[in-house]
Amino acid sequence: MERTLSIIKPDGVSRGLIGEVIKRFEENDIKIVAMKMVHLSQADAEKFYAVHKERPFFGSLTEFMTSGPIVPMILEGDNVIEKNRTLMGATNFKEAAEGTIRRDFATDIEKNIVHGSDAPETAAVEIGFFFNQFEINDR
Ligand code: GDP
């Protein structure tokens, strides 16, 4: 059993897509074991995306991620890291497969509705960034 961090980004929350995203997880037998709504500070967003700090879009990305509330969730299931990445679609919605969340709803390469951890190591760090042990429902 694997876990990953998903985030519904500010564009997904403000456009009323929380239910749509969660429906896709539930329809695909992905279990949600933790969930909250938070509004990141600039410092939080810079810490979360530190791996991208040299990229030209870092300022824009962190500004976007602090522009409104987000919904981080811990997803659990067999192979859930890859399964979630498949449901999300490619970073650039124009390259995302038909029927993926980003293909269906993203409006630009940055405003792409969802985040999903890309490997077990990053999943562990990202889960720890948003949740403590008492917030994870593992029964
Ligand atoms: P992901 O794992 O598919 O989310 O993609 P990355 O880790 O490469 O990038 C993190 C996030 O940065 C993406 O989800 C986008 O929101 C944003 N992003 C990625 N590439 C670009 C880009 O070329 N321009 C802008 N403005 N944002 C980008």
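Which residues lie nearest the centre of the largest pocket? I started my notebook with that one.

**Ground rules.** I am working with a predicted model, where local features need pLDDT of at least 70, side-chain atom pairs count only at pLDDT 80 or more, and totals for chains, interfaces and linings use all residues. Residues are numbered from 1 along each chain as its sequence is written, and side-chain values use heavy atoms, with hydrogens and water left out.

**Entry 1, the pocket.** I found Y49, V51, H52, L61 and H115 nearest the centre, out of 25 lining residues. A pocket here is an open set of points on a 1 Å grid over the protein atoms alone, where a 1.4 Å probe fits, with protein on both sides within 12 Å along at least five of seven lines; lining residues have an atom within 4 Å of a point. I noted about 620 Å³ of space in the largest pocket, a volume being the space filled by probe spheres set on the points.

I looked up which elements contribute: α3 (42-48), α5 (80-88), β4 (114-116) and α7 (120-130) each give at least two residues. The largest share, 4 residues, belongs to α7.

I checked where the ligand sits, and its space is the largest pocket (more than half of its atoms lie within 2 Å of the grid points). Around the ligand I listed K9, H52, F57, L61, R85, T91, R102, I109, E110 and N112, each with a heavy atom within 4 Å of it.

I counted pairs of N or O atoms within 3.5 Å. Ligand oxygen atoms lie 2.9 Å from a side-chain N or O atom of K9, 3.0 Å from a polar side-chain atom of H52 and 2.9 Å from one of R102. The protein buries 78% of the 550 Å² that the ligand exposes when taken alone (Shrake-Rupley method, 1.4 Å probe).

Technical notes. A polar contact is a pair of N or O atoms within 3.5 Å; within protein, one must be able to donate a hydrogen and the other to accept it, and residues adjacent in sequence count only if both atoms are side-chain atoms.
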